[in-house]
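Subject: Structure for your review

Dear colleague,

Please find below the sequence and structure that I am handing over to you. I would be grateful if you read the notes after it alongside the coordinates.

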Amino acid sequence: MSDVARLAGVGTMTVSRVLNDNVHVSEATRARVLDAIAKLHYMPNEVARSLRDQRTRQIGILVPNLHDPFFAQCAHAINLVAKEHSYSTVIATSDEDPATEFIEAKRMLRRHIEGLIIVPAPGKTQLRDPEFERTPIVTLDRPVKGSSFDSVVVQNKRGAEMGVQHLIEHRHRRIACLGLAGYVWTKGERLAGYNAAMKAAGLEPDYHAVSELQAEMLQTIRALLESKLPPTAFFCTNNLVMRHALHALSTLNIKIPAQIAVVGFDDFEMADIIRPAMTVVRQPTDALGRLAAELLFSRLSEHSRPEIAKHIILPVDLVIRNSCGIHPCQLSVKSAI
């Protein structure tokens, strides 16, 4: 910094003001300092600055995994907001395990992150421990029941109702619901929406849990289609289940929507390109990540931690494509013509 000051003909305090984007520096002086920084290839020592300011300008992102496009996209949106605030991010995965989640979160604390955005692993969380009390935490996609954490989620139950009602409007009466084994809050909400839509129509719910193994999905779908009263439609509770189901139907040479209709919860990259294009309940993934990040930065700017947590619920959309066939109303219009 002394070398930069000497070359620019200013004091070291002026260099510090320029580096911190202080407004009390003239444009001419700022230009000279920036030119000197460029010529000397000067890089500030972030470790020294963090020790001086007691701030690392880092936040943590903890998600179940990064192979699911939903979590990856949320993390990307958070990272963009962090950059807007001149912060960097530390990303780790929990593998849906509370113990791993706790270990990774503690590692982040040792790196002195200023806040944490987390998609909580199912099960009992340890993030209520005293060592996390001074760290603002925002939960994304799944809340932590009974906690003081801020949260951002979507209308999971309502979205599932919309998807199943769409199938019912297509005159389907045997609609099987496919979801991953184990309890996750989002799955519970979507299953509740599926059950509500089925019961409102006087239909019997038919839920099937499968693991993340593609082979198990194939076995489950084959057994369902070979049963005495096979389903005429599938409702898939997330995009991983949807992709596995599509692979299984392709392997079995089952035509969509001629032989089976399909609706999924979560849009995915190829959903509008494959044939037929898939009808899905779409979450505002970018908005989820962005709002969670903005909520965290609003907490970081507050001097005292508020006692009342903020809970944001975002709406979802039913994106109607071709995986359910032609709506009965469209059929009547065509026959009238």
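The model is predicted: local features need pLDDT of at least 70, side-chain atom pairs count only at pLDDT 80 or more, and totals for chains, interfaces and linings use all residues. Residues are numbered from 1 along each chain as its sequence is written, and side-chain values use heavy atoms, with hydrogens and water left out. Helices (H or I, at least four residues) and strands (E, at least two) are DSSP runs numbered from the N terminus. Two strands pair if DSSP finds at least two bridges between them. Axes are lines fitted to C-alpha atoms, for helices over the stretch in contact, and angles run from 0 to 180 degrees between N-to-C directions. Contact means heavy atoms within 4.5 Å.

The parallel sheet

An open sheet is formed by 6 strands in the order β2-β1-β3-β4-β5-β11, and its pairing is parallel. Its edge strands, each pairing on one side only, are β2 (88–93) and β11 (311–314). On average, neighbouring strands of this sheet are turned by 15° against each other, direction ignored. Within the sheet, β1 (residues 58–63) and β3 (residues 116–118) run parallel and are joined by 3 bridges; G60 stands opposite L116 in β3. Helix α6 (residues 98–110) packs on the sheet and touches β1, β2 and β3, its direction making about 155° with that of β2. Helix α5 (residues 69–84) lies across β1, β2, β3 and β4 (137–140), and runs at about 170° to β1.

Helix α5 also packs with helix α11 (residues 285–300), at an angle of about 40° and with the axes 8 Å apart. The two are therefore oblique to each other (angles under 35 degrees count as roughly parallel, over 145 as roughly antiparallel, 65 to 115 as roughly perpendicular and the rest as oblique). The residues of this contact of α5 with α11 divide into 10 nonpolar, 3 polar and 4 charged. Here Ala, Val, Leu, Ile, Met, Phe, Trp, Tyr, Cys and Pro count as nonpolar, Asp, Glu, Lys and Arg as charged, and the others, Gly among them, as polar. Residues of α5 in the contact include F70, L80 and V81, and those of α11 include L288, R290 and F297.

The mixed sheet

Another open sheet of 6 strands has the order β7-β6-β8-β9-β10-β12, with mixed pairing. β7 and β12 (317–319) are its edge strands, each pairing on one side only, and the twist averages 20° from one strand to the next. Strand β6 (residues 175–180) pairs in the parallel sense with β7 (residues 206–210) over 5 bridges, and G179 has A209 in β7 as its bridge partner. Strand β6 is also joined by 4 bridges to β8 (residues 233–236), again running parallel, with F235 in β8 as the bridge partner of C177.

Helix α7 packs on the sheet, touching β6, β8, β9 (261–265), β10 (279–282) and β12, and its direction makes about 170° with that of β9. Helix α8 lies across β6, β7, β8 and β9, running at about 175° to β6.

Helices α7 (residues 156–169) and α8 (residues 185–200) pack at an angle of about 40°, with their axes 7 Å apart. They are therefore oblique to each other. Their contact comprises 9 nonpolar, 4 polar and 4 charged residues.

With kind regards
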